[in-house]
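I opened this notebook to keep track of what I looked up, one topic at a time. The entries below follow the order in which I went through the structure.

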Amino acid sequence: MTRLFGTNGVRGVVNQDMNPDLALDLGRAIGTYYARRKEKPFIAMGTDARISNHMLKSACTSGLLSVGCNVEDLGILPTPALQYAVKEKDYDAGVIITASHNPPQFNGIKVVDLDGTELSKEQEEEIEDIYFSKSFRIVSWDKVGQLSAWDGAGELYIRGILSKVDTEAIRKANLHVVLDCGNGAGAVVTPELLRRLGCKLTEVNCELDGFFRGRPSEPVPENLGELMERVREVGADLGVAQDGDADRAIFIDEKGNYIFGDQSFSLLARYIIRGRKGIVVTPVSTSSSLEEVVTREGGKVIYTRVGSPIVARVMKEVNAVFGGEENGGLIFPEHQYCRDSAMTIAKMLELLAKEEKSLSELISELPRYELVKTKITCPNDRKEDVLRKIKDVVSSQQDVRKIDDTDGVKIYLEDGWVLVRPSGTEPIFRIFAESKDRGKAEELADSYKRLVEDMVSTS
C-alpha cells in the first residue's frame, strides 16, 4: 500500500500533492478512525502561520464534521501547545496543519492522539487504509459534527510550562534573551512566556508571516546570522531560535556562537540526570557526547529509530527521565511526551540561573565530537536493496567494531562511527559521520557517501 504518512505527518507542496481534496479525504479518514472508538469524537484543530493554513484547515475540518466529529478550532499555535491542550482537556484527538521547518510552499497535516502524543505507525496505517479504500463513515444529516472555537490553548500551555520550572530562580537571574521565532507559530506564546519568566527580551522575527520573510524556517547556522549578530550587539546572555511550528529550539551563546542541537541536548541531559540517574532515550543519529555525559552521571542511554514519535513511545515504555533528537527537539516527560521548544527554553534558563555560569562556559565543559552530515539521492523503490548491499559490504570490513541496524546501518569504528539510513520522507539516503577529529569525520562521511553512490548506481 502507498504510504501517506512520513516521519512527521503528511506533507507536500501546496496545491500539488498537498491540496484541499487530500485534506478533505484525510479529515474524513481521521474522523472515521476515531469514530470507531467513540460515537461523537471531539477533535482539536490548530495551524501554524503558513498562508495555506485556512484552505487546508477548512477542508480537513469539513471532512471531520462530515463523518460526525465535533471540531474545536484553537487557531494559530505551536504544535506542542496543541498537543498539551489535547492531553489536558477533554479532546479525543488533535489535528495540526503544519509543515514544521519546511519552506513556505509546503504544508502538512499531523494527527495527535488522546494523550497528546503523535500516532504510532500502526495507527497511521489504519488511517491510510481508510483513506485509500475510501471506506469513510457515513452519517445522517442530523448527525454531522458541530464546529466551535477556543482561544485559551496558548494560556493553558504557558501555565503548564511555568508549573514545571523554577520560576523564582529564573526571575532572580534577570537573563537577557534574544528570541527569533522565524515568523512562525512560536510568536504566539514564547515572547509572553519569557516576559512572565522575568527575562529582558529582544525580539527578532517574532511577527507571524506565512512567507517566512525574516529567515528560512529551518534553524540551521546559515539561517541565523541576524540572531547571532543581535546577541553580540545587545550583550545578551543567550539567543534562541525556533522552527516553524515551534517544537524545536536552537541556542546561541553570549558570544554569538551557534550551539548545535547535540550540545544543548547533552547539556540539559547532564543537568537532569545529575543526582537523579535514570534513562535518556534518543535516535541512533545522536552524538556520542550525549552517552558520555549521561553515563558519567550514572544514567543510561537507549537508542531508537529516527523520529520523535518513536522516541516518545519508548520513553513511556521505559519510564525515561529525558529524551530527544539531535536537531533541538527535546522531550520532557514530566510536561508531555513530545518535542517542545518553549519547555526547552524554560529549562535552559533554569539551568543558567542555577549554574551561574555563561552558556559558553557550560558548553566548554562537554566532551567534544565533530558530526558531519551529507546525503545522496536514491529512488524509494531501491532503498531496501541498497541498504542490504551496504550491510553485506561493511560486515566484512576488518576495521568495523560493531554494526547496529536499529535504523539503517550504523557502523562503529575505532575512531568514530557512520550512520547510513534511508529517509522516511524523501528519496534520499542520509549519512552521518562522527569522530573527535573534524578531518576524520569528514573523511568518513566522504568515504561512505562514495560507497552508497556505488551501491545506488549498481542496484
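This is a predicted model: local features need pLDDT of at least 70, side-chain atom pairs count only at pLDDT 80 or more; totals for chains, interfaces and linings use all residues.

**Entry on α11.** I looked up helix α11, residues 308-318, and found that Ser308, Pro309, Val311, Ala312, Val314 and Met315 are buried there. I then asked what covers the buried residues of α11. The cover includes the strands β12 (279-283), β13 (300-304), β14 (322-324) and β15 (330-331).

**Entry on the cores.** Which residues touch the most other members in the largest nonpolar core? In this core of 63 residues, they are Leu197, Phe251, Phe322, Leu349 and Leu359. Helix α12, residues 341-355, gives the most to this core, with 8 residues. I also recorded that another core, of 31 residues, lies apart from it, and that Tyr34, Met45, Cys60 and Ile130 are among its residues.

**Entry on α9 and α12.** I looked up how helix α9, residues 261-273, meets α12, and found that their axes come within 11 Å and cross at roughly 60°. Because of that angle, α9 is oblique to α12. The crossing in which α9 passes α12 is left-handed. From α9 the contact is made by Ser264, Leu267, Leu268 and Tyr271, and from α12 by Thr344, Lys347, Met348, Glu350, Leu351, Lys354 and Glu355. I sorted the residues of this contact of α9 with α12 into 5 nonpolar, 2 polar and 4 charged.

**Entry on α14 and α15.** At what angle do helix α14 and helix α15 pack? I noted about 130° for α14 (residues 383-394) and α15 (residues 438-458), with their axes 9 Å apart. The angle is why I call α14 oblique to α15, and the crossing of α14 and α15 is right-handed. In α14, Val386, Lys389, Ile390, Val393 and Val394 meet Tyr448, Leu451, Val452, Met455, Val456 and Thr458 in α15. The residues of the contact of α14 with α15 divide into 9 nonpolar, 1 polar and 1 charged.

Note on methods:
Residues are numbered from 1 along each chain as its sequence is written. Side-chain values use heavy atoms; hydrogens and water are left out. Buried means under 20% relative accessible area, exposed over 50%, partly exposed in between (1.4 Å probe, protein chains only). Helices (H or I, at least four residues) and strands (E, at least two) are DSSP runs, numbered from the N terminus. Contact means heavy atoms within 4.5 Å. Axes are lines fitted to C-alpha atoms, for helices over the stretch in contact, and angles run from 0 to 180 degrees between N-to-C directions. Angles under 35 degrees count as roughly parallel, over 145 as roughly antiparallel, 65 to 115 as roughly perpendicular and the rest as oblique. A crossing is left-handed if the near helix is turned anticlockwise from the far one by less than a right angle, and right-handed if clockwise. Ala, Val, Leu, Ile, Met, Phe, Trp, Tyr, Cys and Pro count as nonpolar, Asp, Glu, Lys and Arg as charged, and the others, Gly among them, as polar. A nonpolar core is a set of buried Ala, Val, Leu, Ile, Met, Phe, Trp, Tyr and Cys residues joined through side-chain atoms within 4.5 Å.
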